[in-house]
Amino acid sequence: MKAVRIHQFGGPEVLTYEDIPDPQLRKDQVLVRVHACSLNHLDVWVRKGLPGVRLPHILGSDIAGEVVEVGEYVGGFKPGQRVLIAPMHFCGYCAKCVAGLQNQCREFTVLGNAVDGGNCELIAVPGANVISIPDSLDFNQAASVPLVFVTAWHMLVGRAGIRPGQTVLVLGASSGVGIAAIQIAKLFHCRVITTAGDEAKLAKGRELGADFGINHYQQKISEEVRKITDKAGVDIVVEHVGAATWDESVKSLKTAGVLVTCGATTGPNVSIDLRHLFARQLTLLGSYMGTMGELHEVLGHVFAGRLKPVVDRVFPLSAIRAAHEYLEKSQMFGKVVLSV
């Protein structure tokens, strides 16, 4: 089959489109023909070099396609069935996994990180990771959903305990997590403030449901939040930017507010004034992907049309270098997808 692999870490030039052997199907697996695989910033970080990645390596976390073959121990699927793949790897038998807390499994990782991903024509995955998709979603849309929507759902619902009527600040309206978080917060009838680097992206954020937009290049986030909330601050901040926005995110919280973070795109090292933490009774939460139960829960809303994937641009798999270059420019609104 055709696949894109990295044989060394570096820039887009290390992405190699090549022929490799087809995967061998185990009895507990489903063989899927990949039709679409969306990009995430994780692909860039792995390509540049992360611990635990063995070379050569196939990137790609978000996969949609058709069932080719079903292992003997797997039921519920048949060849030709349209599916997406849960973008996670876990052991399935430890105490955390059997409790439904797969993202706390010691073996947990994201597809395309410590295990091979979907930048290829065929992939074999455990039957538990395969989820049927409705005809209302095309493959590009389906591949734009899993990682960012389960991440945003786990952040807001699983970790922050979002409630109707709250005010939520979502950093990065144009990012995959931002697009998902805006819609999930509105699903809970919350007031949403979002940020972006230009007016076009803010306008698209409002189309998704955001009530207010802040241009973080022209305005100070915490000051605008105070104006919008009549100095009260927000109940929840959805943070994934990291060092560049951390201080503003903390300052934007109301007393007893919750900051939940899933990333550090602009750097991992931040500081916190402990006096503000305890005096204002703030809560700082870490969040990593989500559970299989949460993925099925959020997909129910996607399949019903209450939450919508946003596709920015589609590249053929053979043009993956151009796709990575485009992703790194951060000009997109929505997901960049590889068509296989």
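In the predicted model, one cavity of 30 Å³ or more was counted. The largest cavity has a volume of about 40 Å³. Its lining is formed by S144, V148, F149, G176, I179, P309, V310, G334 and K335. Two elements, α4 (146-159) and α5 (176-187), each give two or more residues to this lining. By residue class, the lining of the largest cavity comprises five nonpolar residues, three polar residues and one charged residue.

In soluble globular proteins, nonpolar side chains tend to be buried together. Here the largest nonpolar core contains 77 residues, and V168 and L295 have the most contacts inside it. The element that gives the most to this core is α4, with eight residues. When residues up to four places away in sequence are not counted, V168 touches L156, I162, A185, C190, R191, V192, I193, I236 and V238.

Zero disulfides were found in the structure. C94 counts as partly exposed because its relative accessibility is 21%, the limit for buried being under 20%. C190, one of the residues touched by V168, is likewise in no disulfide, and the nearest cysteine sulfur, that of C262, is 18 Å away. With a relative accessibility of 2%, C190 therefore counts as buried.

Note on methods:
Residues numbered from 1 in each chain as written. Predicted model: local features only at pLDDT ≥ 70, side-chain atom pairs only at ≥ 80, totals over all residues. Heavy atoms only, no water. 1 Å grid on protein atoms, 1.4 Å probe; cavity = no way out; pocket = protein on both sides within 12 Å on 5 of 7 lines; lining within 4 Å. Points joined across faces, edges and corners; volume = space filled by probe spheres on them. Helix = DSSP H or I, 4+ residues; strand = E, 2+ residues; numbered from the N terminus. Nonpolar A, V, L, I, M, F, W, Y, C, P; charged D, E, K, R; others polar. Core = buried A, V, L, I, M, F, W, Y, C linked by side-chain atoms within 4.5 Å. Buried < 20%, exposed > 50% of the residue type's maximum accessible area, 1.4 Å probe, protein only. Contact = heavy atoms within 4.5 Å. Disulfide = S-S within 2.5 Å.
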